[in-house]
Amino acid sequence: MVSVSNRRNILVVDDDEINRMVVRVLMERRNYRVVEAASGPEALDLVKDETFDVVLMDLSMPGMDGLETTRRIRSDDASNQLPVVALTAHTSHKEQQMCLEAGMNAVLRKPFDSEQVDRLLGLLDHTAKGPDA
Amino acid sequence: MSAHANTPERALPGLSGSAAKQTRIKGWVWPLQQQIAVMVLAAILVFALVIQLWNYRTFMNTEIERTQEKHLVIAQNVSLSLSRYVTDVARIFAHAAIEVSNNNSEATRDAHLSLLESLNVESMVLLPTFAADTPPPNRLGSDLPLPEQAVLDDLRAGTNTALGGVQISGLQQIGDGKYFILGYELADQRLVIGYLKTDYIKAVQRAIAFGEFGHSAIFDQFGRAIAHPSARVEENMVDASGISAVRRMLNRETGVEMFFSPPMQMDMIAGITFVPETGWPVMVPQPIYELSDAVNGSLSKSYLLAVAMAALLGGAGWAVSRRLARPVRDFTEISRKISDGDYTVNLPDEERSSTEMWQLNESLKTMIHRVRSSDNKLREALRLEEEENKRKSDFLVIAGHELRTPLSGVVGMLTICREQKDDVDRDRYLDVAWSSAKELNALVDHMVDYAEGTTESIRLDPVTFDIDAQMRDMEALYENLAGTAGLEFRRTGLGDGSTLIVSDPARVSQMIAKIMENAIKFTKQGSITLHSEIFQQDDRKWLKVAISDTGIGIDEAQLERIFMPFEQVESSFTRSYRGMGIGLSVAQAIANKFGGRITCASTLHEGTRFEIWTPIELA
């Protein structure tokens with residue numbers, strides 16, 4: 001699993017403070033360093049300055065939504081391989097499809113519990129190391 | 001039900017289809033124009049036929065009348081000339097007979113012979129009496145054989161007084177020639193006979209020839225031909241007394257007769273008369289067909305006229321039928337389009353081909369107008385229903401999301417607490433879960449209010465209460481809420497004294513709450529003012545509550561839509577404001593129930609002012 005020395009960076013993008021708080025607490029308990037962004041533009045600035053292992057992206061945000069933010073992340077060569085996970089209460093098939101088309105790697109449905117978070121992180125860990133392992 | 005794309009041009013079910021086009025005409029049906037054309041043509045033909053028949057009869061009758069005159073006049077002229085001739089012949093003959101019998105000198109004989117010859121009397125013979133001692137016949141001119149005794153006897157017994165005592169026989173074949181034998185009895189009872197040639201009679205007969213076969217014919221007093229265009233008839237002295245016309249003339253009749261001519265093998269029409277002195281029939285016949293020819297000549301002119309008329313009438317008929325058929329065809333085309341659901345058809349403003357077509361056009365215009373407007377209403381209703389459906393389904397999606405946001409707060413916090421039971425911040429997490437749960441509850445209340453509002457099940461419970469006190473309570477509540485949102489709050493008007501009114505305080509509070517929540521939600525900075533007053537208008541007492549904010553405002557285009565439910569709900573991920581957009585429509589529904597209204601005035605980026613007007617009673 002994840003080692004202490006290899007503390008990973010995670011970016012949470014959500015306009016809702018409570019949601020960010022939930023993610024932060026859960027991730028910090030799993031030894032992630034959590035950086036929060038309350039909007040798309042804020043997230044883009046952070047992605048430029050820092051290296052993240054994964055981005056958890058809320059879809060519904062005023063101004064620039066999660067889909068657009070993801071597209072911009074993907075359009076930049078520096079960050080086009082960055083795993084982006086949609087964090088959404090929109091659960092229809094159509095909306096999940098839109099997420100994947102925007103370049104997101106996975107969808108985490110709100111509300112989520114510990115098991116779902118663990119499963120997602122395991123999946124990301126496997127995907128990131130997969131080809132090299 | 002899924003939301004349909006809004007397609008106004010889509011044909012309405014039940015109104016579309018082309019049932020008319022699919023119906024096949026059974027049996028044989030002609031286009032109107034052809035029918036009219038055929039009828040007009042038939043009418044023209046019958047008309048022309050009748051006219052021609054009538055013309056023929058008229059022309060023929062006229063022609064026959066003219067012929068009667070013409071032919072009769074000619075016949076009478078011939079008769080007159082012959083009458084004169086035979087009278088002269090008879091006089092000269094009698095004179096010569098007497099002179100020669102008295103003075104049988106050479107000179108007398110020669111003088112009288114030449115006189116007689118000039119009148120075609122070729123020979124004169126003084127016959128002896130029947131006594132045995134009579135001298136031989138005294139002969140002047142050609143030596144012709146004596147006629148039969150019967151002829152001589154008839155002459156001697158003759159009683160004709162018209163010719164001064166001269167008797168005239170029927171035509172006789174004497175030798176090679178044909179002669180009339182003239183007879184004159186001298187005082188001494190001797191009979192003088194003369195041989196009268198037919199040359200002059202023939203010449204008169206020959207002189208009359210007209211048309212193709214129009215001629216004259218002269219017969220002797222027994223009906224035998226003297227002069228006739230047919231050489232055979234003339235040569236053989238054919239007895240024509242069997243022919244009706246000849247019989248009439250022998251009976252000394254004058255007039256016009258139609259008969260069949262055996263030698264000509266034709267139907268003839270003739271002017272008939274006779275020579276009074278001799279009783280010779282004189283006729284001037286002409287084949288009837290020649291008259292027809294003349295008639296036909298006139299007729300052909302009238303044919304031409306008829307053809308010209310037919311062409312004219314035909315043209316007129318064609319034009320009329322076109323005039324009739326064209327609008328009918330146009331109307332048919334238009335009604336076909338309408339039955340196919342195309343109401344965009346344009347009828348002529350003024351149909352002027354006929355009164356009936358004008359009326360038809362007008363009633364069609366009215367009909368199309370009605371159908372079009374009811375079709376538009378149907379489409380509009382359908383569109384509204386589709387819009388409503390779309391809004392509802394969008395609402396369900398958004399409502400689900402909106403409910404899930406606080407719910408995920410609750411679940412998230414509970415997950416944190418469950419995962420690590422000894423976390424020092426556990427109480428804080430539980431507080432957040434609690435407030436999220438309350439938010440969830442408020443949303444559910446909203447939805448219930450909305451459902452109540454849209455199902456018209458709002459109940460009003462009017463009671464007497466102090467509106468000033470209620471406004472003070474409002475002030476306390478919203479001053480707090482606005483303060484939390486970083487906004488200034490002001491109350492003006494009611495709220496300082498005590499005013500008892502009759503209304504439903506809970507519903508009044510509900511309306512104010514919906515609009516106040518709205519104002520706080522859409523105002524980032526500045527202030528919110530709650531103003532209330534009671535005033536009289538239209539014989540009623542009104543409670544007016546005005547809520548003004550310095551928020552984002554609403555642009556004019558959206559202003560009229562804000563009271564429609566779900567209007568705030570855009571199905572996009574970039575909505576700036578939470579909520580389902582049903583607060584205002586709930587408030588409006590309550591105001592309507594009161595018999596009041598909510599008005600809204602707004603300037604984009606500057607602020608919005610709502611006014612709630614509620615009719616009340618003063619206690």
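In the predicted model, Thr273(B) is in contact with Ala75(B), Gln76(B), Ser79(B), Met249(B), Thr254(B) and Val282(B), when neighbours within four places in sequence are left aside. Thr273(B) lies in strand β11 of chain B, which spans residues 266–275. The residue is buried, because 27 other C-beta atoms are found within 10 Å and the threshold for a buried residue is 20 or more. Between the C-alpha atoms of Thr273(B) and Val256(B), which are 17 residues apart along the chain, the separation is 8.7 Å.

Chain B, to which Thr273(B) belongs, has 619 residues, and 30% of them are buried. Its secondary structure consists of 14 helices and 19 strands. Of the contacts in chain B with a separation of 6 or more, 66% are between residues 24 or more positions apart.

Two helices of chain B, α8 (residues 288–339) and α9 (residues 355–419), have axes that come within 12 Å and cross at roughly 10°. Helix α8(B) is therefore roughly parallel to α9(B), as angles under 35 degrees are counted in this way. On the side of α8(B), the residues that meet the other helix are Pro327(B), Phe331(B), Ile334(B) and Ile338(B). Their counterparts in α9(B) are Met357(B), Leu360(B), Leu364(B), Ile368(B) and Val371(B). By residue class, this contact of α8(B) with α9(B) comprises nine nonpolar, no polar and no charged residues.

Asn120(B) is placed in the loop between α3 (106–118) and β1 (121–126) of chain B. This residue counts as buried because it has 20 C-beta neighbours inside 10 Å. His605(B) also has a positive phi of about 70° and is not a glycine. Its place is the loop between β18 (597–603) and β19 (607–618) of chain B. His605(B) counts as exposed, because 10 C-beta neighbours lie inside 10 Å and the limit for an exposed residue is 12 or fewer.

Chain A contains five helices and five strands. Its elements follow the order β-α-β-α-β-α-β-α-β-α from the N terminus on. Chain A has 133 residues, of which 37% are buried. Among its contacts between residues at least 6 apart in sequence, 59% join residues at least 24 apart.

The five strands of chain A form an open sheet with parallel pairing, in the order β2-β1-β3-β4-β5. Strands β2 (32–37) and β5 (106–109) of chain A are the edge strands, each pairing on one side only. On average, neighbouring strands of this sheet are turned by 25° against each other, direction ignored. Within the sheet, β3 (residues 54–58) and β4 (residues 84–88) of chain A pair in the parallel sense over four bridges. Val55(A) has Val84(A) in β4(A) as its bridge partner.

Helices of chain A pack on this sheet. Helix α2 (residues 40–49) of chain A touches β1 (8–13) and β2 of chain A, and its direction makes about 160° with that of β1(A). Helix α3 (residues 66–75) of chain A touches β1, β3 and β4 of chain A, with a direction at about 150° to that of β3(A).

Strands β1(A) and β2(A) run parallel and are joined by six bridges. In this pair, Leu11(A) stands opposite Val35(A) in β2(A).

How values were computed
Residues are numbered from 1 along each chain as its sequence is written. Chains are lettered from A and ligands numbered from 1 in the order in which they are written. This is a predicted model: local features need pLDDT of at least 70, side-chain atom pairs count only at pLDDT 80 or more; totals for chains, interfaces and linings use all residues. Two residues are in contact if their C-beta atoms, placed from the backbone, lie within 7 Å. Two strands pair if DSSP finds at least two bridges between them. Axes are lines fitted to C-alpha atoms, for helices over the stretch in contact, and angles run from 0 to 180 degrees between N-to-C directions. Angles under 35 degrees count as roughly parallel, over 145 as roughly antiparallel, 65 to 115 as roughly perpendicular and the rest as oblique. Ala, Val, Leu, Ile, Met, Phe, Trp, Tyr, Cys and Pro count as nonpolar, Asp, Glu, Lys and Arg as charged, and the others, Gly among them, as polar.
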